[in-house]
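Have the viewer open as you go.

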Amino acid sequence: MTYRDAIRESIRDALRRDDRVFLMGEDVGRYGGCFAVTKGLLEEFGRERIRDTPMSESAFVGAGIGAALGGMRPIVEIMTVNFSLLALDQIMNNAATILHMSGGQFNIPLVIRMATGGGRQVAAQHSHSLEGWYAHIPGIKILVPATLEDARGMLWPAIEDPDPVLIFEHSGLYNMKGDLAADAGPVEIDRARIRRAGRDATIITYGATLWKSLEAAEALAQKGIEVEVIDLRTLRPLDDATFLESIKRTHRAIVVDEGWRTGGLSAEICARVQEKAFYDLDAPVARICSAEVPAPYAKHLEDASLPQVEAIVKTVEGMIHAHV
Amino acid sequence: MNRDHTIHLMKQMLRIRRFEEKSAELYSASKIRGFLHLYVGEEAVAVGVMEALGPEDAVVATYREHGHALVRGIPARSIMAEMYGKQEGCSRGRGGSMHLFDVKTRFYGGNAIVGGGLPIAIGLALADQMRNKAAVTSCFFGDGAVAEGEFHECMNLAALWKLPVLFVCENNLYAMGTRLNLAQAMTDLTARASSYGMQAEAVDGMDVMAVESASRKAVDAVRSGTGPFFLECKTYRFRAHSMYDPELYRSKAEVEEWKKRDPIAQVAVTDAEREQIERDVAAEIVDAVAFAEAGTWEPVEELTRFVYSERRPA
C-alpha cells in the first residue's frame, strides 16, 4: 500500500458513500491522474462522476464552487499547487468569502485536492509549497496529510465539512509504502499529533518534512537527544494547543517547513510560541525552511534549497549544547 | 401584448429606476457608503430576462445588481437595509451594494470581480444537470467580462458539457471607462460566443419586450437540454460607472443620444396608469428607506461569525 493507493481508496470510499460526490479535474479520468492517484476510477464510476476537464483551472474550480452551492459534494483535483494560482480568484474571492458575504446563507461544501512540494528536480514552476500561504486565508481549511492513515482518512471528513477544504498532498510522498489497517477509515481533522515523543526539544512540522524530522530524531536519539516531533496535519485552523503543551515540557522549539521563511507559516508558528509560551522557552525558536530562491533544477542546488535531515540534526544539537 | 403585462413591465423598470435614484441620493447623504454602481438606463435587461425565469431557476449577477435583485423578488427593504449595512439586510450587512444574496430566490450574489460569477454559474448548472433538475442558471455580466480569461474558459466548458446556463451579456459599451473598441479586437460579442459552439443572439437591450421575448426563447432552449445560450443585450448606462466616476471618457452628447432610447419611455401606458405606478413605487421606496433607517447594527461581538459554518456534522 502506498500513499497514492491510500488516497485513491479514500476517493473510492467517498464516491460509494454519497452519490452527491463526484471528482473533476485535468486528466483524472482516461489518463488516470497525473500522479496516477485516480487510476481505474473512471472505469468503476463512469464519466458522470469522474470528469475530465479542459485546462481551465478557474472554470472548473469555480464550477466546483457552484456545484457545491447547488447541492453536490464535488472533489476538484488541481494537478499541482502551481496551477492552483490560475484558480486563485475562485478560491480566494469566491470559495473563501461567499458564506460571509451572504451573511451565512450560502456555505460551500467543496474539497480541492492538489499536489504540493519540491524535491523532484522539476524546477521553479513545479515545486512550490504554498499550503502555508493558503493558510493565510480565513474561510477555507487547509489539510496536509503526511501519513498513510491521514491520506486514507482525511477526505471523508473534508467532504462532510460544510465549508471549503483544501488538501495538499506532497508529491514526494505518493510512492511512500507502508501498512494500513484493513479497516482504516475517516480520521479527525482538528488536531495535530505527536508522532514521536521526546523530552529535549519539540519539532513542529507537517507533510514531507515530517519524515525528515523523524529521521533526524532517530539520529539525535543515537546521540542521547530525545526530540518530540509534532505533525500539524491541519494548517488552518492551526492547533497550537498541541505544540504549546509540548514546548511547556521540552522548552525548545524548532519549526521545519518546506515553505519559504519570510512571511510563511513558520513565522506564524514562531509568533504564537512567542505570544503564548515565551517564558517556557530556554532558547529562541529555530526555523528550518526552504532557501529564498525559486526552486533550482540542478539536484545539488535543489537539495541545498530544501530542509534536510542534517540541518535539522545540527540545529537541534546547537540549541541543546548552547543552553545546557 | 396583454395590457396588464405591459403595466407590469413598466412597473418593474420604474421600481429599479426610482430605487437607484434614491440610492444615489442616500449615497450623497452618506447613508450608503463603499462602492455604488447604478443600473439606470439598463433596466429593460434585468426586467426582460427575469420574466423568463421561474422560481426553480438560479441567478448570478455582478456588482451592478440592485435591479436584478429587486425584480428577482428580494424585497426592496431588505436590499436597502443591506446597503445601509444593517443586519436586517439580505446579507446581514456583510456584503453591501455589491454582494446581495438571497437563498429563497436562488440569488447567488453580486460579484465584484469582473467575470468572477461565470464559473459559479456553470457549477450551479452542472449541479442541476447532474441532479436531473430542469432549472436554468441565468448569469449576468458586462462586455468587460468578455476580455477575461474566465469568460472563455466558461464558454467552452458550458458548451462542452451542454450546461443549462443562460449567459446574459449586458453590453453597455464601456468596461468601466474603456470603450469596447479600445479594449477588444473583435467587438461582435455574439459572434465570439457562437464560436464556442453555443447558441447566441443579440437583442436591443433598451426594448424590454424584445428582451423578454428573446429571453423566453433562450430559456426554453436551455431548459429543453440543448446546452447554454448566449444572449447579448445591447444597452447603455445613463449614469456614471460608480459614484467616483467623473465620466471623462464619453461625451454628454453621446449620453443624450442614448437617453432618447430610454427603455422606460419606450413603453406606452396612459398618464393615469403611470401615475398609479409611480405612487406605488414611491410608497415601496419610502417603506424600504424607513425599514433601513429603523434597522439595527450587528453587535461587534459577532464580527467573526460566518467565516465558517456554525452547524457542523456530528
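Leaving aside its neighbours within four places in sequence, which residues is B:Leu166 in contact with?

## B:Leu166 and its contacts

The partners are B:Val136, B:Ser138, B:Cys139, B:Ala218, B:Val219, B:Val222, B:Phe229 and B:Leu231. Contact here means that the C-beta atoms of two residues, placed from the backbone, lie within 7 Å.

A quick word on ground rules: this is a predicted model, where local features need pLDDT of at least 70 and side-chain atom pairs count only at pLDDT 80 or more, while totals for chains, interfaces and linings use all residues. Residues are numbered from 1 along each chain as its sequence is written, and chains are lettered from A and ligands numbered from 1 in the order in which they are written.

## The nonpolar core

B:Leu166 turns up again in the largest nonpolar core, which has 190 residues; B:Leu166 and B:Ile122 have the most contacts inside it. (A core of this kind is a set of buried Ala, Val, Leu, Ile, Met, Phe, Trp, Tyr and Cys residues joined through C-beta atoms within 7 Å.) Helix 5 of chain B, residues 117-130, gives the most to this core, with 9 residues. Helices are DSSP runs of H or I with at least four residues, strands are E runs of at least two, and both are numbered from the N terminus.

## Two domains in chain A

Over in chain A, the domain assignment gives domain 1 (3-173) and domain 2 (193-322); such bounds come from an automatic or database assignment. Their C-alpha centres lie 27 Å apart, and 22 residues of domain 1 of chain A are in contact with 22 residues of domain 2 of chain A.

On the domain 1 side of chain A, helix 7 (131-134), strand 5 (141-143) and strand 6 (165-170) each supply at least two of the touching residues. Strand 5 of chain A has the largest share, 3 residues.

## Strand 6 of chain A

Why call strand 6 of chain A largely enclosed by the rest of the structure? Because 6 of its 6 residues are buried, buried meaning that 20 or more other C-beta atoms lie within 10 Å of a residue's own, with C-beta atoms placed from the backbone. A:Val165, A:Ile167 and A:Glu169 cover one side, and A:Leu166, A:Phe168 and A:His170 the other.

Strand 6 of chain A also pairs in the parallel sense with strand 4 (residues 111-116) of chain A over 6 bridges, and with strand 5 of chain A over 3 bridges. Pairing requires at least two DSSP bridges between the strands. A:Leu166 is the bridge partner of A:Ile112, and A:Ile167 that of A:Leu143.

Conventions. A residue is buried if 20 or more other C-beta atoms lie within 10 Å of its own, exposed if 12 or fewer, and partly exposed in between; C-beta atoms are placed from the backbone.
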